[in-house]
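User: Hi, I've never looked at this one before. Can you walk me through it?
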Amino acid sequence: FFVSLGATTNLKALLTSNALLDLLAFIAVILLTQASFLWLFASRLLRIGLPDVLLASNAAVGGSGTAGGMAGTLDWRDKVTPAVMCGTLGYMIGTAAGLAVSWITKM
């Protein structure tokens, strides 16, 4: 999906405008905010291990496939199944929430 959207991009116009810098700055702010929140709140205050926090964040953003792949790639074999289950639970909750919002906004 993202490849098909990116394939239609006019690279010359993107590279010569300030839009690329704005986009990179926006991405940097989002990533720094998420990383600082995960490190400060989840890892330090709740005393959850950093691998668990990173896998949960990955499952929330990328789903069960990317979280399981990350756990396997980083050789956290005991965390592959919980990462996949966390992503699957997120799919279930997100689907139910999306259907609820759709039903509420139809009224």
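User: What do the buried residues of H5 pack against?
Analyst: They pack against H4 and helix H6 (80-106). Helices here are DSSP runs (H or I, at least four residues), numbered from the N terminus. Keep in mind that this is a predicted model: local features need pLDDT of at least 70, side-chain atom pairs count only at pLDDT 80 or more, and totals for chains, interfaces and linings use all residues. Residues are numbered from 1 along each chain as its sequence is written, and side-chain values use heavy atoms, with hydrogens and water left out.

User: OK, and which residues of H5 are buried?
Analyst: Ser-64, Ala-67, Gly-68, Ala-71 and Gly-72. Buried means under 20% relative accessible area, exposed is over 50%, and partly exposed is in between (1.4 Å probe, protein chains only).

User: Where do they sit around the axis?
Analyst: On the same side of H5, because they cover an arc of only 130° around the axis. That arc is taken from the directions from the helix axis to the C-beta atoms. On the other side of H5, Gly-65 and Thr-73 are exposed.

User: Which residues make up the largest nonpolar core?
Analyst: There are five: Leu-55, Ala-59, Ala-67, Ala-71 and Ala-83. A nonpolar core is a set of buried Ala, Val, Leu, Ile, Met, Phe, Trp, Tyr and Cys residues joined through side-chain atoms within 4.5 Å.

User: What does Ala-71 touch, leaving aside its neighbours within four places in sequence?
Analyst: Ala-71 is in contact with Leu-55, Trp-76, Arg-77, Lys-79 and Val-80. Contact means heavy atoms within 4.5 Å.

User: Switching topic: how many salt bridges does a search of the whole structure find?
Analyst: Two. A salt bridge is a side-chain nitrogen of Lys or Arg within 4 Å of a carboxyl oxygen of Asp or Glu. One pairs Asp-52 with Lys-79, with the closest N and O atoms 3.0 Å apart. Asp-52 lies in helix H4 and Lys-79 in the loop between H5 and H6, so this pair ties together parts that are 27 residues apart in sequence. Asp-52 is partly exposed, at 35% relative accessible area.

User: And Arg-77, which side chain does it meet in a salt bridge?
Analyst: That of Asp-75, at 3.4 Å from N to O. Both Arg-77 and Asp-75 are exposed.

User: What about the phi of Asp-75?
Analyst: Asp-75 has a positive phi of about 65° although it is not a glycine. Most residues other than glycine have a negative phi. Arg-47 also has a positive phi, about 55°; Arg-47 is in the loop between H3 and H4 and counts as exposed, with 75% relative accessibility.

User: Is Ser-43 buried or exposed?
Analyst: Ser-43 counts as buried because its relative accessibility is 14%. Ser-43 lies in helix H3 (residues 19-45), and its side chain reaches the backbone oxygen of Ile-48 at 3.4 Å. Leaving aside neighbours within four places in sequence, Ser-43 is in contact with Leu-38, Ile-48, Leu-50 and Val-53.

User: Last one: what pLDDT does the protein chain average?
Analyst: The average is 88, and 99% of the residues score at least 70. pLDDT is the predictor's confidence in each residue, from 0 to 100.

Definitions and conventions:
Helices (H or I, at least four residues) and strands (E, at least two) are DSSP runs, numbered from the N terminus. A polar contact is a pair of N or O atoms within 3.5 Å; within protein, one must be able to donate a hydrogen and the other to accept it, and residues adjacent in sequence count only if both atoms are side-chain atoms.
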